Amino acid sequence: MALVEKSGFENAGFHVSEARAGDYIALLKPRVMSLVVFTAFVGLVTAQSSINPFIGLFSILAIAVGAGASGALNMWYDADIDAVMSRTVSRPVPSGRVLAGEALAFGLFLSAFSVMALGLFANWLAAGLLAFTIFFYAVVYTMWLKRWTPQNIVIGGAAGAFPPMVGWAAATGQISVESVIQFLIIFLWTPPHFWALALFKAGDYERVGVPMMPNVAGEASTKRQMFVYALLVAVVGVLPSVFGEASVTYAVIAAGLGAGFVWYSWKVLRMPEEDRVMGPAKRLFAYSI
């Protein structure tokens, strides 16, 4: 652990990490945050409300901070398994650049700040949804579902699907069928997206005892479920046009992208179980992003 003892704290037994600004930014999971910002922005814009541009901007910033808070809390709790898995071992907490207590305090502070800011800038329905999203990801998914059930990604995926509803609520002060459709697109997209990763990272999950679907139900069952979810995504993806939320152009593009998602999922379904390279799974994962 890359820790340094400062003389003023040495006798008291305190340790201060060598964390830099970049380490705290890494705690926020910026790549995940960018997706949250985008989907929340879509929810806010498609609501077609006369929201003040500055309120809209501050609302998106508050949602971004809330997403980062969720990431920090996730990294705090998962530091033990992150230290074992190849793709997460270099994260700030398991690598020792940020102390666990610092990550926890950082996440809690940002959680409270983001919820209060969104409530004051926009409305308290949006703030309540943001608070529930943070709680769902940090507690329901990270602390409970992730290590308990192979349906962890299916149920826990709701946390990543809430941002467009939060954006919609920030603009309108209510929840509508249109925002629920946006939620469903992301919710149904999450299992095939993440299980594609789990297929070629199954060894990592097995070592840390996380019951991902390929490790519990097997590769064949996982691939069948991925294909079914891909079909559902392709159908639900065009619903915004059906409900008048989006144009025909959107419907054509969404249908094309949905067809591509189904095609890549089909290639995974047909992938031989002895395929150790997992090329189709990696291509599906890349395409889903």
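Is F261 buried or exposed? F261 is buried, with a relative accessible area of 3%; buried means under 20%, exposed over 50%, and partly exposed in between (1.4 Å probe, protein chains only). The model is predicted, so local features need pLDDT of at least 70 and side-chain atom pairs pLDDT 80 or more, while totals for chains, interfaces and linings use all residues. Residues are numbered from 1 along each chain as its sequence is written, and side-chain values use heavy atoms, without hydrogens or water.

A nonpolar core is a set of buried Ala, Val, Leu, Ile, Met, Phe, Trp, Tyr and Cys residues joined through side-chain atoms within 4.5 Å. The largest has 44 residues, of which F183, F187, W195, L199, Y205, M212 and M226 touch the most other members. Helix α10 (177-200) is among the helices that each supply at least two residues, and α10 gives the most, eleven. Helices are DSSP runs of H or I, at least four residues, numbered from the N terminus. A second, separate core of 28 residues includes V36, A126, L129 and V166.

The structure holds 16 aromatic pairs, meaning Phe, Tyr or Trp rings (for Trp the six-membered one) with centres within 6.5 Å; planes under 30 degrees apart count as stacked, over 60 as edge-to-face and the rest as tilted. W144 and W148 are stacked because their ring centres are 5.2 Å apart and their planes at 20°. W144 is partly exposed at 46%, and W148 is exposed at 56%. F261 also stacks with Y287, at 6.5 Å and 25°. This pair joins helix α15 to helix α16, 26 residues apart in the chain.
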